[in-house]
Amino acid sequence: MATQHHSSALPAPAVPAAYPMAKPGYGKRSAPGQQPRIRDDFAMLPTRERYVAGFVDHLPDGAAMSVKQLAKQLPLYGQQAISTALKALSVAGHLRRVRCAVGAGDETRWVFRTFWSRTARDNEWWNTYLATEAATRTAAPVEPPAPTAVPPQRTPPQPTDTEPSPPAREAISAERTQTTALSPAYLALARLGRDDHRLGLSADDCTTLEPLAAQWLDRGVTTDYLTNALTAGLPAQIDSPVGLIRRRLIDKLPPRLPATASTPTDTPAPTRRLLVECTDCGLPGPPEALPDGLCHPCHTTHSAGGRPSPDPTQITAVKAHMANLRDLLKPV
């Protein structure tokens, strides 16, 4: 239970007209059902958190929410202080950082958002809302492509010396057939390099690792889950992408869950789900696994009121992960 802080908080600076917006689809998102603004909003929070919350609350949807950008606009506090304040606001129930996959096929990409609620919410409310948000996104109809003008009829070209020979045409046809028959496991591996150039795999690498990735999908996980498990917490430097991916496919293989009477074996797994990011270290996970928007280690540290001795390996991985997030959250 939060206790009221009677110290007067400095009013947050007004949002400048030229405040940078995030890339389309990124940035701040306002949660529904918030109470109207009043003078005593955030009165239960400490001075610094009230200052930051008052500023964030007045930002428009789509505004950049990176720690670096907020620190530029809030001169009283540095980036570390802003990061700590956002963690406290997450624990207080005002925000959740999430990532979700949008698009389809080769156009799939991760989108990062910060959901904000002026009215403090508990973990059950956030879990329900984020699950509803994910279901809404999954059920949203795909916009049909814009109609294109019918090209004028052309006279069929006459055969020339440059036209492929019959064997060449057969090879091209075979290659197209093979491309359309690629498995989801192969495609998930092939797309890793597009999301992060450090994980670029060759065609031979994808073929070699495909059986290992297929074992994951056979156990009921989605390709989004597989991709997240392979890309979370990457080291700063990767000397052998194929070796790292092989090791993770083997070491992180999820358990096989038995089919139940209420869950038919042929029920397709959802292909879209919001992943909450730990507000402190950025580790992603399902909403129910990150109470107060914090992963288990960070939540334990916050509850204990201190910080454990840092692990150099974890620090390197977290720094690399946060660097990727900052690059993605840079304003256009």
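Predicted model: local features only at pLDDT ≥ 70, side-chain atom pairs only at ≥ 80, totals over all residues.
**Helix α8 and its two helix partners**

View 1. Helix α8 (residues 203–218) and helix α10 (residues 241–251) have axes that come within 10 Å and cross at roughly 15°. Because angles under 35 degrees count as roughly parallel, α8 is described as roughly parallel to α10. The crossing of these two helices is left-handed.

**View 2. Residues of α8 and α10 form a contact.** On the α8 side, the contact is made by Asp-205, Thr-208, Leu-209, Leu-212, Ala-213 and Trp-216. On the α10 side, Val-242, Ile-245, Arg-246, Arg-248, Leu-249 and Ile-250 take part. By residue class, the contact of α8 with α10 comprises eight nonpolar, one polar and three charged residues.

View 3. The axes of α8 and helix α9 (residues 223–231) come within 9 Å, with a crossing angle of roughly 125°.

**View 4. Residues of α8 and α9 form a contact.** Helix α8 contributes Ala-213, Trp-216 and Leu-217, and helix α9 contributes Thr-223, Tyr-225, Leu-226 and Ala-229. The residues of this contact divide into six nonpolar, one polar and no charged. Ala-213 and Trp-216 of α8 take part in the contact with α9 and also in the contact with α10.

Key:
Residues numbered from 1 in each chain as written. Heavy atoms only, no water. Axes fitted to C-alpha atoms, helices over the stretch in contact; angles between N-to-C directions. Helix = DSSP H or I, 4+ residues; strand = E, 2+ residues; numbered from the N terminus. Parallel < 35°, antiparallel > 145°, perpendicular 65-115°, else oblique. Left-handed = near helix turned anticlockwise from the far one by under 90°. Contact = heavy atoms within 4.5 Å. Nonpolar A, V, L, I, M, F, W, Y, C, P; charged D, E, K, R; others polar.
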